Amino acid sequence: MNISGRVMVYAGVTVLAIAAACNGSNATEPGIPQGVKDLRASLDAFTSFNLAKDAGYNTAITDCMSNGDVGAMGIHFANPAFIDATADAAHPEALIYEPGTNGQMSLVGVEFIVPFALVPKTATPPALFGQQFVQNDVFGVWALHVWTHRTNPSGLFASWNPRVHC
């Protein structure tokens, strides 16, 4: 076998080894739970704000929320039918959009919400993806943010994202 033939065989073996190591997963997202990857994929249609509104995410429950140097969240659009006493990984209560300068809305993440009126502050916090919800006394809810469509250097489940802007 000549040198170029060996290079071709080596390249082919290398590609197969990399493919086997990845086993179909997204190698660019180490540490992201499979449930979050599944959630992200299920929400891809909602990168279209109009499709999200048609699916019931049409109630703006916040303005664009910003916290100075810590970052922002964006505008929360809730589907009121999902706001109940349960946390369902497949149905976030709110989608979070970053408003653009020309009126477009970019999906950046989701917020799971359980009202204190349904699960009191004294109860065990709801949990999803191995994360406990945090208390949000301002809105009277248990909350869990998941940055599904905008990477957050502060963490996948952090409340504020410095890469989101109002």
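Me: How many aromatic pairs does the count come to here?

Reply: Eight aromatic pairs. Rings of Phe, Tyr and Trp (its six-membered ring) pair if their centres lie within 6.5 Å; planes under 30 degrees apart count as stacked, over 60 as edge-to-face and the rest as tilted. Keep in mind that this is a predicted model: local features need pLDDT of at least 70, side-chain atom pairs count only at pLDDT 80 or more, and totals for chains, interfaces and linings use all residues. Residues are numbered from 1 along each chain as its sequence is written, and side-chain values use heavy atoms, with hydrogens and water left out.

Me: OK, what is pLDDT, and what is its mean for the chain?

Reply: pLDDT is the predictor's confidence in each residue, from 0 to 100. The chain's mean is 85, and 82% of its residues reach 70 or more. Over residues 1-28 the pLDDT is below 50, and that stretch has six contacts in the model beyond near neighbours in sequence. Contact means heavy atoms within 4.5 Å.

Me: Back to the rings. How do Phe129 and Phe157 pair up?

Reply: Phe129 and Phe157 are stacked, 6.3 Å centre to centre with 25° between the planes. Phe129 sits in the loop between β6 (127-128) and β7 (131-132) and Phe157 in the segment after β9, so the pair ties together parts that are 28 residues apart in sequence.

Me: Which residues do ring pairs link into a cluster?

Reply: Phe46, Tyr57 and Phe82.

Me: Which residues have the most contacts inside the largest nonpolar core?

Reply: That core has 27 residues, and Phe46, Leu95, Tyr97, Phe112, Phe129, Leu144 and Val146 have the most contacts inside it. A nonpolar core is a set of buried Ala, Val, Leu, Ile, Met, Phe, Trp, Tyr and Cys residues joined through side-chain atoms within 4.5 Å. In soluble globular proteins, nonpolar side chains tend to be buried together.

Me: Which element gives this core its largest share?

Reply: β5, with five residues. The elements that give two or more residues include α2 (34-43), α3 (49-54), β4 (94-99) and β5 (105-115). Apart from this core lies another, of eight residues, among them Ala72, Ile96, Trp147 and Trp160.

Me: What does Asn152 touch?

Reply: Not counting residues up to four places away in sequence, Asn152 touches Trp147, Ala158, Trp160, Asn161 and Pro162. Asn152 lies in the segment after β9 and counts as buried, at 9% relative accessibility. Its side chain reaches the backbone oxygen of Trp160 at 3.0 Å.

Me: And where is Asn79?

Reply: Asn79 is in the loop between β3 and β4, and it counts as buried at 7% relative accessibility. A polar atom of the Asn79 side chain lies 3.2 Å from the backbone oxygen of Ala55. Leaving aside neighbours within four places in sequence, Asn79 is in contact with Ala55, Gly56, Tyr57 and Glu93.

Me: Switching topic: which side chain does Asp137 make a polar contact with?

Reply: The side chain of Lys121, at 3.0 Å. A polar contact is a pair of N or O atoms within 3.5 Å; within protein, one must be able to donate a hydrogen and the other to accept it, and residues adjacent in sequence count only if both atoms are side-chain atoms. Asp137 lies in the loop between β8 (134-136) and β9.

Me: Last one: which residues does the disulfide join?

Reply: Cys64 and Cys166, with 2.0 Å from S to S. A disulfide is a pair of cysteine sulfur atoms within 2.5 Å, and the count by this rule comes to one. The pair links distant parts of the chain, 102 residues apart: Cys64 is in the loop between β1 (59-60) and β2 (65-66), and Cys166 is in the segment after β9 (141-146).

Me: Why is the disulfide left-handed?

Reply: The torsion about the S-S bond of Cys64 and Cys166 is about -85°, so the disulfide is left-handed. Cys64 is partly exposed, with a relative accessible area of 24%.

Conventions:
Helices (H or I, at least four residues) and strands (E, at least two) are DSSP runs, numbered from the N terminus. Buried means under 20% relative accessible area, exposed over 50%, partly exposed in between (1.4 Å probe, protein chains only).
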